Amino acid sequence: MQVTRRDAIKTLGASAALLGLNLFAGKLSAAPASAASSKTACAYPFALPPLGCAFDALEPHIDARTMEIHYTKHHQAYVTNANNALASQPALQKLDLKELLARINGDTISEPLRTALRNNAGGHANHAFFWQIIAPGGSSAPSGKFADDIAAAFDSFDSFKKQFAAAATARFGSGWAWLVYSPATGKLAITSSANQDSPLLTGDVPVLGIDVWEHAYYLKYQNRRADYIAAFWNIVNWTRAGEFYSAAKTA
Ligand code: MN3
């Protein structure tokens, strides 16, 4: 795998242009004041972002033990494995996470690196996003233009919830369901993806997402994925989702 110097320069320019519009703009990439590490969520070497709440903050909808294992073990493994995959890739190390994901299906990254990054950089991006939109403390329903656009795209908010839940239920095996903004169409859409495939692989920008890997719910819900999906609506931070939507539309 080689990224040409011209590509690298082009990428640096593109990344600079995206400053402030990055998927991980805002509090996520801000390290705790006490942290001496220069690691961030979106630049190599990747690091776990702050969870933003206590492990038990989402009880009873997501139990504390699940949150602890999900964050400290599963998410950490994606971070570690993504860093390991990039250890001998100095050109790719210069890309931010969003740019890296956009490159994965291009012709400059070959196997087995492609699959390693798709799974692990993808897993890191998906979880770093997920912690933000399920953090407690936001509004319990979308508002303003965001609410209007959801209602327009899916007939109504209730219809949106049904369609999103259906996508999450129908995803076979491990994966995610998403509400994305597609810059290509200028519209909101509901999608689902297998494994840790990020919407950013194909240029869609995540606005809301639900992790339907069993590790996200099995301790509390066992085989009852539908119950987990129903509980999810109680912990969505619609304020943060609306911020992602606004940022995606103006990018
Ligand atoms: Mn997960």
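A salt bridge is taken here as a side-chain nitrogen of Lys or Arg within 4 Å of a carboxyl oxygen of Asp or Glu. The structure is a predicted model, in which local features need pLDDT of at least 70 and side-chain atom pairs count only at pLDDT 80 or more, whereas totals for chains, interfaces and linings use all residues. Residues are numbered from 1 along each chain as its sequence is written, and side-chain values use heavy atoms, with hydrogens and water left out.

The model holds 7 salt bridges. In one of these, lysine 145 pairs with aspartate 149, with 2.9 Å between the closest N and O atoms. Both residues belong to helix 6 (residues 144–154), where a spacing of 4 residues separates them by about one helical turn; helices (H or I, at least four residues) and strands (E, at least two) are DSSP runs, numbered from the N terminus. An α-helix has 3.6 residues a turn, so residues three or four places apart point the same way. Accessibility is classed as buried under 20% relative accessible area, exposed over 50% and partly exposed in between (1.4 Å probe, protein chains only). On this scale lysine 145 is exposed at 52%, while aspartate 149 is buried at 13%.

Aspartate 149 also forms a salt bridge with lysine 249, for which the closest N and O atoms are 3.4 Å apart. This pair links distant parts of the chain, since aspartate 149 lies in helix 6 and lysine 249 in helix 10 (residues 238–250), 100 residues apart. Lysine 249 is partly exposed, with a relative accessibility of 35%. Glutamate 243 is partly exposed at 41%, whereas arginine 240 is buried at 10%. Through shared partners, salt bridges join Lys145, Asp149 and Lys249 into one network.

An open sheet of 3 strands has the order 2-1-3 and antiparallel pairing, two strands being paired if DSSP finds at least two bridges between them. Strand 2 and strand 3 stand at the edges with a single partner strand each, so that one side of each is left without a neighbour in the sheet. Strand 1 (residues 175–182) is joined to strand 3 by 6 bridges, and tryptophan 176 has aspartate 211 as its bridge partner in strand 3.

Two helices lie across this sheet. Helix 5 lies across strand 1 and strand 3, at about 85° to strand 3, and helix 6 lies across strand 1, strand 2 and strand 3, at about 75° to strand 2; axes are lines fitted to C-alpha atoms, for helices over the stretch in contact, and angles run from 0 to 180 degrees between N-to-C directions.

Glutamine 196, in the loop between strand 2 (187–194) and strand 3 (205–211), is buried with a relative accessible area of 1%. Leaving aside neighbours within four places in sequence, glutamine 196 is in contact (heavy atoms within 4.5 Å) with residues including Tyr78, Arg118, Asn119, Trp176 and Trp213.
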